[in-house]
Amino acid sequence: PCSPYCIEYLSQFFKITIFHYNPNIAPADEYAHRVAEIKRFVSEFKTKYPVQFIEGEYNPKKFYDIARGLEDEPEGGKRCRKCFELRLGETARLAKEMGFDYFTTTLSISPKKDEQVLNVVAKEQGEIYGIKALPADFKKKGGSKRSIVLSAEYNLYRQNYCGCAYSLRDADALRSESLV
């Protein structure tokens with residue numbers, strides 16, 4: 001659900017390649033479901049230019065390695081920053097390898113993600129790999145609401161946690177508390 005508005009907006013100005021790199025997603029069937037949904041959306045949504053889709057390697061061990069010792073960090077904490085570094089680093093590497101002009105992330109559309117941290121991490125990774133990061137805050141100017149509308153219009157799955165096992169654990173705990 002992060003992608004619809006971002007694709008709609010950016011496709012007015014750019015040829016887009018979506019790189020789905022999410023070794024943090026747990027469990028594996030959740031990962032597969034999310035991949036299927038973005039592929040479906042891209043195939044159904046009309047844009048000025050065709051949108052390419054590239055699926056990165058799904059290797060959760062890479063996420064668990066960088067998250068070691070940060071399991072109890074809250075959403076938005078140090079673990080999230082490490083996850084951003086992992087994912088945006090791989091995105092910057094691939095964007096440079098493929099000769100793209102820019103790279104960005106759809107994560108800034110989430111009200112739970114700090115766009116300033118995301119943009120700093122993207123800039124750092126861009127500098128490491130020699131490619132420009134396109135700063136973004138997709139939740140601004142109604143972007144988050146528009147993404148919800150597009151998700152409903154295309155009957156997209158909307159998860160109730162960021163994706164990693166720790167955010168799932170925390171979301172489950174919150175649901176359990178609200179039932180008590």
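Leaving aside residues up to four places away in sequence, R34 touches H20, I25, Y157, Q159, Y161, C162 and G163, where contact means heavy atoms within 4.5 Å. The model is predicted: local features need pLDDT of at least 70, side-chain atom pairs count only at pLDDT 80 or more, and totals for chains, interfaces and linings use all residues. Residues are numbered from 1 along each chain as its sequence is written, and side-chain values use heavy atoms, with hydrogens and water left out.

- Helix α2 (residues 28-44) contains R34; helices are DSSP runs of H or I with at least four residues, numbered from the N terminus.
- R34 counts as buried because its relative accessibility is 12%; buried means under 20% relative accessible area (1.4 Å probe, protein chains only).
- A polar atom of the R34 side chain lies 2.9 Å from the backbone oxygen of C162.
- R34 also lies over the face of Y161, 5.3 Å from the ring centre; this requires CZ of Arg within 6 Å of the ring centre and within 35 degrees of the ring normal.

**Aromatic rings**

- The structure holds 11 aromatic pairs, meaning rings of Phe, Tyr and Trp (its six-membered ring) with centres within 6.5 Å; planes under 30 degrees apart count as stacked.
- F19 and Y21 form a stacked pair, 5.7 Å centre to centre with 0° between the planes.
- F41 and F45 are also a stacked pair, at 4.8 Å centre to centre and 20° between the planes, and both residues are buried.
- Y5, Y9 and F13 make up one aromatic cluster.

Definitions and conventions:
Helix = DSSP H or I, 4+ residues; strand = E, 2+ residues; numbered from the N terminus. Buried < 20%, exposed > 50% of the residue type's maximum accessible area, 1.4 Å probe, protein only. Polar contact = N/O pair within 3.5 Å; in protein donor to acceptor, adjacent residues only side chain to side chain. Phe/Tyr/Trp six-rings, centres within 6.5 Å; stacked < 30°, edge-to-face > 60°.
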